[in-house]
Amino acid sequence: MQIQAATVQDYINAVPVDKRAAFKELRRVILDNLPEGLEETISYGMIGYVVPHSIYPNGYHCNPDLPLPFINIACQKNFIALYHSGIYANKDLYSWFVNEYPLYTNDKLDMGKSCVRFKKIDSIPLKLVAALLTKMTVAEWISLYEENIKQK
């Protein structure tokens with residue numbers, strides 16, 4: 001399920017009613033803890049938090065016309081997803097998240113390289129998400145991106 005939306009508010013309005021409160025709460029936690037410099041937008045069919053061209057003029061290597069993505073959230077058919085590029089690019093941050101996860105919830109971690117899938121939307125570990133957002137600044141993300149991802 002991909003939501004077609006031109007704006008963040010359009011996206012939120014299109015989230016199914018049974019998931020909307022949890023999705024809005026996840027977004028609120030992100031906005032409250034968002035690293036300085038990121039901007040909220042629609043990115044890749046999701047709500048995205050990107051490094052704008054005013055901070056990183058080179059943009060995303062796959063398409064330099066797009067700003068550098070960092071975090072996305074999406075509502076899928078069976079879960080709410082959090083995509084965090086720092087988890088993908090930094091093994092220490094990935095390990096930290098995996099080790100911390102059971103301290104915040106009894107739910108089994110369902111995670112890919114950068115995607116955390118929350119199937120039980122009433123128990124999203126919001127305090128862990130908040131802590132994750134404080135682990136990397138925009139400058140650190142740009143540096144990590146240039147060292148690891150952009151070179152591939």
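Residues are numbered from 1 along each chain as its sequence is written, and side-chain values use heavy atoms, without hydrogens and water. Because the model is predicted, local features need pLDDT of at least 70 and side-chain atom pairs count only at pLDDT 80 or more, while totals for chains, interfaces and linings use all residues.

Start with the salt bridges. Side chains of opposite charge can pair when their charged atoms come close. A salt bridge here is a side-chain nitrogen of Lys or Arg within 4 Å of a carboxyl oxygen of Asp or Glu. By this rule there are six salt bridges.

One of them joins E25 and R28. Their closest N and O atoms are 2.5 Å apart. E25 and R28 sit three residues apart in helix α2, so about one helical turn separates them. Helices (H or I, at least four residues) and strands (E, at least two) are DSSP runs, numbered from the N terminus. E25 is partly exposed at 30% relative accessibility, and R28 is partly exposed at 38%. For these words, buried means under 20% relative accessible area, exposed means over 50%, and partly exposed lies in between (1.4 Å probe, protein chains only). E25 and R28 also belong to a network of salt bridges with D32.

Now turn to K120. K120 forms a salt bridge with D107, with the closest N and O atoms 3.7 Å apart. This pair links distant parts of the chain, 13 residues apart. K120 lies in the loop between β5 (115–118) and α5 (126–133), and D107 in the loop between α4 (91–104) and β5. K120 is exposed, at 55% relative accessible area. D107 is buried, at 18%. K119 has a salt bridge too, with D110, at 3.2 Å between the closest N and O atoms. K119 is exposed, with a relative accessible area of 54%.

K19 is another case. It is found in helix α2 (residues 17–33). K19 is buried yet has no salt bridge. The nearest side chain of opposite charge, D18, is 4.8 Å away; Lys and Arg count as positive, Asp and Glu as negative, and His and the chain ends are not counted. The side chain of K19 does reach the backbone oxygen of Q76, at 3.3 Å. Leaving aside neighbours within four places in sequence, K19 is in contact (heavy atoms within 4.5 Å) with residues including C75, Q76, F79 and I121.

Y44 is partly exposed, at 46% relative accessible area.

How values were computed: Polar contact = N/O pair within 3.5 Å; in protein donor to acceptor, adjacent residues only side chain to side chain.
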